[in-house]
Amino acid sequence: MDATIGKVIDSVSGFFSGAASGSADEFPLCDTDIISGCEKELAEAQKGQDEGLKKECIMRLSWALVHSKTPADIQRGISMLEASVVSDTSPMNLREKLYLVALGYYRSGDFSRSRECIERCLEVEPEWGQAQTLKTAIEDRIVKADGVIGVGIAVTAVGVVAGIAAALLR
């Protein structure tokens with residue numbers, strides 16, 4: 001279990017330090033074993049008095065949940081992060097939480113909310129490469145969605161015109 005937690009810590013720290021790379025759609029995924037390990041770690045931390053440790057454990061669990069393959073886990077991670085963003089005064093923590101919320105919404109398909117969060121994140125840290133990469137991925141998805149809607153409207157218009165023409169020819 002310690003090895004699993006170690007992998008999460010390395011992955012999280014590498015991700016936020018800029019070590020993670022790849023195309024815009026290659027965000028790391030987390031499996032249920034890692035999430036379970038983070039939940040156990042948080043449960044242990046909550047028994048103690050160290051508030052800093054509790055916050056670290058909550059952050060690791062939130063990270064794992066947002067990177068889960070399961071939509072319910074992603075939503076749970078978003079909720080945990082949104083609840084903690086309100087009380088956070090550290091710019092570094094705020095940027096990371098806003099980034100993760102934006103990523104969660106992106107992975108859930110809510111691209112407009114994702115864009116709002118990533119823009120807030122970039123207000124805190126305008127030069128953060130990972131946030132810029134996510135913003136590009138979000139904008140690409142929005143453009144694709146708008147293109148599909150545009151094609152749908154065009155096809156519908158052609159269908160209506162064809163229907164009217166057929167009715168007039170009768």
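**Aromatic pairs and the nonpolar core**

A search of the whole structure finds three aromatic pairs, where rings of Phe, Tyr and Trp (its six-membered ring) count as paired if their centres lie within 6.5 Å, with planes under 30 degrees apart called stacked, over 60 edge-to-face and the rest tilted. Before I go on, please keep in mind that this is a predicted model, in which local features need pLDDT of at least 70 and side-chain atom pairs count only at pLDDT 80 or more, while totals for chains, interfaces and linings use all residues. Residues are numbered from 1 along each chain as its sequence is written, and side-chain values use heavy atoms, with hydrogens and water left out.

Let me begin with Phe27 and Tyr106, whose rings are edge-to-face, at 5.6 Å centre to centre and with 75 degrees between the planes. Phe27 lies in the loop between α1 (2-17) and α2 and Tyr106 in helix α5, so this pair ties together parts that are 79 residues apart in sequence; helices here are DSSP runs (H or I, at least four residues), numbered from the N terminus. Both Phe27 and Tyr106 are buried, meaning under 20% relative accessible area, against over 50% for exposed and partly exposed in between, with a 1.4 Å probe and protein chains only. Ring pairs also join Phe27, Tyr106 and Phe111 into a cluster.

The rings of Tyr99 and Trp128 have centres 5.0 Å apart and planes at 55 degrees, so that pair is tilted. It links helix α5, where Tyr99 sits, with the loop between α6 and α7, where Trp128 sits, 29 residues apart. Arg95 lies over the face of Trp128, at 3.8 Å from the ring centre, the criterion being NZ of Lys or CZ of Arg within 6 Å of the ring centre and within 35 degrees of the ring normal.

Which residues touch the most other members of the largest nonpolar core? Of its 38 residues, they are Tyr99, Tyr106, Ile118 and Leu134, a nonpolar core being a set of buried Ala, Val, Leu, Ile, Met, Phe, Trp, Tyr and Cys residues joined through side-chain atoms within 4.5 Å. Helix α5 gives the most to this core, with nine residues. Leaving aside neighbours within four places in sequence, Ile118 is in contact (heavy atoms within 4.5 Å) with residues including Tyr99, Ala102 and Leu134.

Finally, Ile35 is found in helix α2, and at 5% relative accessibility Ile35 counts as buried. The C-alpha atoms of Ile35 and Asp73, 38 residues apart along the chain, are separated by 9.1 Å.

Methods: Helix = DSSP H or I, 4+ residues; strand = E, 2+ residues; numbered from the N terminus.
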